[in-house]
Structure formats: structure tokens, C-alpha cells
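Hello,

Here is the structure I promised to pass on to you. Please have a look through it first, and then read my notes below.

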Amino acid sequence: MKQYIFDQFVNNIINHTGLTREQLFSNTKRSDSSNARKVLFKLCRDRGISNKSIENYMNENGYTCHNNTIRQALSSLELMISNDPDIAVIIKKLSSVEV
């Protein structure tokens, strides 16, 4: 239902980070890809996209994740934000969606 919004977030993150779509959805634990996925999860949750829908969209793009993965990533990102408030500014910038 909210595939368009998810794709907009993916494009925003890719444009901001310089990652490719393949890198974003790869099963690597490299911090640049991992942190980008954490931001993607946060953007989706803040927009009201359920964890189940996030799982489905991620799976459609070749990245297997589960509810636990999303919850853990969001928790980790909240800690990062508390230590570096600039991350919140970046997330706000990445949250824009063109209609």
C-alpha cells in the first residue's frame, strides 16, 4: 500500500549516502549499509508503515529481515541519535516525499 513512500525513502537515502540500491539491500554488516537500513526503518515507522510491511518491502528487494531485526535496528539508531543530534537533522531531511 505504501510502496511508493518506501521507494521514495530508499531513493532519498541512496542520494544522500552514495550507496547503490544493491549495497543498501545487501546482507552485509558494513556500517554504512547497516546505518542506512536503520534510517530506512525509522523513516518507515515514523510514517506509519508497519514492521510487517517493512519486512515485505525489504524482502521484495532481496534483504531478508524480521520484526526483531527492525526493532533492534530502531533501538540502535535511537542510541546513535542520542549521542549525535545531527543524525536527527539528517533523518528529517530524508523524510520528505514528493507527491
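Let me start with a pair of helices: H4 and H5 are roughly perpendicular to each other, a label that covers angles of 65 to 115 degrees. H4 and H5 (residues 67-83) pack at an angle of about 105°, and their axes are 9 Å apart. Here axes are lines fitted to C-alpha atoms, for helices over the stretch in contact, and angles run from 0 to 180 degrees between N-to-C directions. Helices are DSSP runs of H or I with at least four residues, numbered from the N terminus.

On the H4 side, the contact (heavy atoms within 4.5 Å) is made by Asn51, Ile54 and Glu55, and on the H5 side by Asn67, Ile70 and Arg71. By class, this contact has 2 nonpolar, 2 polar and 2 charged residues. In that count, Ala, Val, Leu, Ile, Met, Phe, Trp, Tyr, Cys and Pro are nonpolar, Asp, Glu, Lys and Arg are charged, and the others, Gly among them, are polar.

Before going further, please note that this is a predicted model: local features need pLDDT of at least 70 and side-chain atom pairs count only at pLDDT 80 or more, while totals for chains, interfaces and linings use all residues. Residues are numbered from 1 along each chain as its sequence is written, and side-chain values use heavy atoms, with hydrogens and water left out.

Glu55 deserves a look of its own. It lies in H4 (residues 51-60) and is buried, with a relative accessible area of 10%; buried means under 20% with a 1.4 Å probe, protein chains only. A polar atom of the Glu55 side chain lies 3.1 Å from the backbone nitrogen of Asn67. Apart from neighbours within four places in sequence, Glu55 is in contact with Cys65, His66, Asn67 and Ile70.

Next, helix H1 (residues 3-17). Its 15 residues reach 21 Å from first C-alpha to last, close to the 21 Å expected at 1.5 Å a residue, where the span is 1.5 Å times one less than the number of residues. Its buried residues include Ile5, Phe6 and Phe9, and the buried residues of H1 pack against H2 (21-24), H3 (31-46), H4 and H6 (86-94). After H1 comes Gly18, with a positive phi near 85°.

Finally, Ile87 sits in H6 and is buried too, at a relative accessible area of 15%. Not counting residues up to four places away in sequence, Ile87 touches Leu77, Met80 and Ile81. Ile87 and Leu77 are 10 residues apart in sequence and 9.0 Å apart C-alpha to C-alpha.

Best wishes

Conventions:
Helix = DSSP H or I, 4+ residues; strand = E, 2+ residues; numbered from the N terminus. Buried < 20%, exposed > 50% of the residue type's maximum accessible area, 1.4 Å probe, protein only. Polar contact = N/O pair within 3.5 Å; in protein donor to acceptor, adjacent residues only side chain to side chain. Parallel < 35°, antiparallel > 145°, perpendicular 65-115°, else oblique.
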